[in-house]
Amino acid sequence: MFKGLSPIRYNGREVWPLIEGGKGVAATNHASAGAWAAAGGIGTVSAVNADSYDAEGKIIPQVYHALTRRQRHDELVEYAIEGAVQQVRRAFEIAGGKGAININVLWEMGGAQRVLHGVLERTRGMVAGVTCGAGMPYKLSEIAASYGVNYLPIVSSGRAFRALWKRAYSKASEWLAAVVYEDPWLAGGHNGLSNAEDPLAPQDPYPRVKALRDVMREGGISDEVPIVMAGGVWHLRDWNDWIDNPELGAIAFQFGTRPLLTKESPIPEEWKARLMELEPGDVLLHRFSPTGFYSSAVRNPFLRSLEARSERQIPFSTQEAGDHIFQLDVGVKGKNFWVTRGDLLRAREWFGLGFTEALKTPDNTLVFVTPPEKQEIRKDQADCMGCLSQCAFSSWADTETNSTGRLADPRSFCIQKTLQDIAHGGPVDQNLMFAGHAAYKFKQDPFYSNGFVPSVKQLVDRILTGD
């Protein structure tokens with residue numbers, strides 16, 4: 001029997017311990033966040049390249065006019081600030097004084113600190129808290145505290161939180177509202193899977209969350225400061241043993257995938273329809289993201305093409321060595337590539353299938369693509385506007401040199417381009433479609449039978465029943 005949830009105190013009022021996951025780019029906005037707060041929960045506006053609107057309420061396209069990446073990066077930061085401010089103000093109005101409005105920021109996005117300062121300065125009294133992950137956001141506490149705003153760091157282990165606490169968060173402990181545990185094997189989007197963890201060997205979240213609570217207790221953090229379970233949360237009855245559990249302390253729950261399929265969700269109808277068709281295993285944990293992090297997305301033709309591109313890959317040497325090494329002529333000016341006989345035969349097979357262009361990777365390998373694919377890769381790399389603090393695909397870095405010092409990696413892709421495209425009506429099969437690993441439950445859950453799409457209020461009410 002589901003024991004039910006009790007409201008918690010957050011930002012001076014009682015709210016349900018239910019947090020809407022902040023999904024950028026533009027997959028959560030004012031409409032969904034405001035409705036979630038109006039239903040008594042904590043709505044989350046994505047502050048990652050959020051949409052702005054003109055006087056008629058139409059989305060203003062983010063067009064970049066500058067010639068250099070540094071200048072385009074500055075344009076992007078201005079777009080991000082203006083868009084997030086507009087989204088927060090609209091969400092706050094929709095909430096009508098109920099619940100709370102958070103913003104979500106990807107720490108590894110380009111200009112993250114500038115965006116945070118810009119948004120919080122212009123939305124004073126509206127933003128209750130900042131959730132932030134994808135990296136180690138040491139300065140999150142300092143920035144949030146300077147505006148009198150709560151912060152909710154997103155981590156995937158107690159070890160990560162210990163490092164953040166010792167270095168920075170202990171100095172602004174009064175503004176720590178919760179710690180979000182984002183399960184790296186269950187959550188959608190970018191995940192905090194470490195190099196010591198096996199992506200193919202999921203771990204039970206309970207002992208990991210218990211270990212996180214132990215670290216928090218070591219730091220003197222009250223058990224009343226919730227740990228937010230994020231990733232894989234669908235029916236709360238499945239988490240019954242976590243509620244009012246003295247081992248874990250206060251627990252709240254974050255829903256990222258389920259709010260995608262609501263009337264207020266801003267994602268296009270084609271995306272919503274695709275969610276209703278997913279089967280178990282259709283979401284892939286992969287490492288193609290230019291951030292360098294693992295991430296989870298629907299294994300659609302776009303993702304499969306990246307898998308296939310990496311499979312068409314061979315190691316090379318620029319110097320002949322040994323009796324079984326052969327020269328591979330791939331038409332790269334001024335370069336001789338030496339490969340084994342087996343790799344030479346594979347390359348010739350790919351040539352015959354139209355993959356006639358060889359592109360170097362930072363790992364001294366060649367990947368083979370078609371001429372149109374090469375043209376698209378090169379154009380996307382040239383159009384880079386520095387949306388990440390460091391980008392493997394374009395070699396951009398938000399530093400004085402504006403470069404990672406590494407070769408651009410053609411096995412990755414422009415994440416800004418594809419997320420903007422799918423969020424604004426682009427084809428769902430040819431773009432990155434983030435989703436949590438429980439997304440297949442849309443098809444199985446009787447709540448969504450006959451194509452039913454609930455309002456956010458109907459979804460929150462349903463969640464509170466345990467289903």
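Me: In which helix is Leu164 found, and what makes a run of residues a helix?

Reply: Leu164 is found in helix H5, residues 158–167. Helices are DSSP runs of H or I with at least four residues, strands are runs of E with at least two, and both are numbered from the N terminus. The model is predicted: local features need pLDDT of at least 70, side-chain atom pairs count only at pLDDT 80 or more, and totals for chains, interfaces and linings use all residues. Residues are numbered from 1 along each chain as its sequence is written, and side-chain values use heavy atoms, with hydrogens and water left out.

Me: Is Leu164 called buried or exposed, and why?

Reply: Buried means under 20% relative accessible area, exposed over 50%, and partly exposed in between (1.4 Å probe, protein chains only). Leu164 has a value of 1%, so it is buried.

Me: Which residues does Leu164 touch?

Reply: Leaving aside residues up to four places away in sequence, Leu164 touches Met136, Pro137, Tyr138, Val155 and Tyr169; contact means heavy atoms within 4.5 Å. Leu164 and Ser141 are 23 residues apart in sequence and 9.5 Å apart in space, C-alpha to C-alpha.

Me: What makes Phe161 and Tyr169 an aromatic pair, and why is it given its class?

Reply: Rings of Phe, Tyr and Trp (its six-membered ring) pair if their centres lie within 6.5 Å; planes under 30 degrees apart are stacked, over 60 edge-to-face, and the rest tilted. The centres of Phe161 and Tyr169 are 6.4 Å apart and their planes stand at 55°, so the pair is tilted. Both residues are buried.

Me: What makes Phe447 and Phe452 a pair of their class?

Reply: Their centres are 5.4 Å apart and their planes at 75°, which gives an edge-to-face pair. Phe447, at 14% relative accessible area, is buried, whereas Phe452, at 30%, is partly exposed. Ring pairs also link both into a cluster with Trp234, Phe442 and Tyr448. The whole structure holds 17 aromatic pairs.

Me: How do you know that the charged end of Arg90 sits over the ring of Tyr53?

Reply: The criterion is NZ of Lys or CZ of Arg within 6 Å of the ring centre and within 35 degrees of the ring normal. The charged end of Arg90 is 4.1 Å from the centre of the Tyr53 ring and counts as over it. Likewise, Arg312 lies over the face of Phe355, at 3.6 Å from the ring centre.

Me: Why is H1 called largely enclosed?

Reply: In H1, 8 of the 9 residues are buried, so the rest of the structure largely encloses this helix. The buried residues are His30, Ala31, Ser32, Ala33, Gly34, Ala35, Trp36 and Ala37. They pack against several elements, including E3, H2 and helix H13 (456–464).

Me: What describes the packing of H1 (residues 30–38) with H2 (residues 69–95)?

Reply: Their axes come within 7 Å and cross at roughly 30°. Axes are lines fitted to C-alpha atoms, for helices over the stretch in contact, and angles run from 0 to 180 degrees between N-to-C directions. The crossing is right-handed, a term for a near helix turned clockwise from the far one by less than a right angle, anticlockwise being left-handed. Among the residues in contact are Ala31 and Ala35 of H1 with Arg90 and Ile94 of H2.

Me: What describes the packing of H2 with H3 (residues 112–122)?

Reply: H2 and H3 pack at about 35°, with their axes 9 Å apart, and this crossing is right-handed. The residues that meet include Val77 and Ile81 in H2 and Val115 and Val119 in H3.

Me: What makes the backbone from Gly24 to Ala26 worth a remark?

Reply: Most residues other than glycine have a negative phi, and most peptide bonds are trans. The bond from Gly24 to Val25 is cis, with omega near 10°. Ala26, although not a glycine, has a positive phi of about 65°. Val25 lies in the loop between strand E3 (18–20) and H1, and Ala26 is found in that loop too. At 8% relative accessibility, Ala26 counts as buried.

Me: What is the phi of Ala134, and where is this residue found?

Reply: Its phi is near 60°, a positive value in a residue other than glycine. Ala134 is found in the loop between strand E6 (129–133) and helix H4 (140–146).
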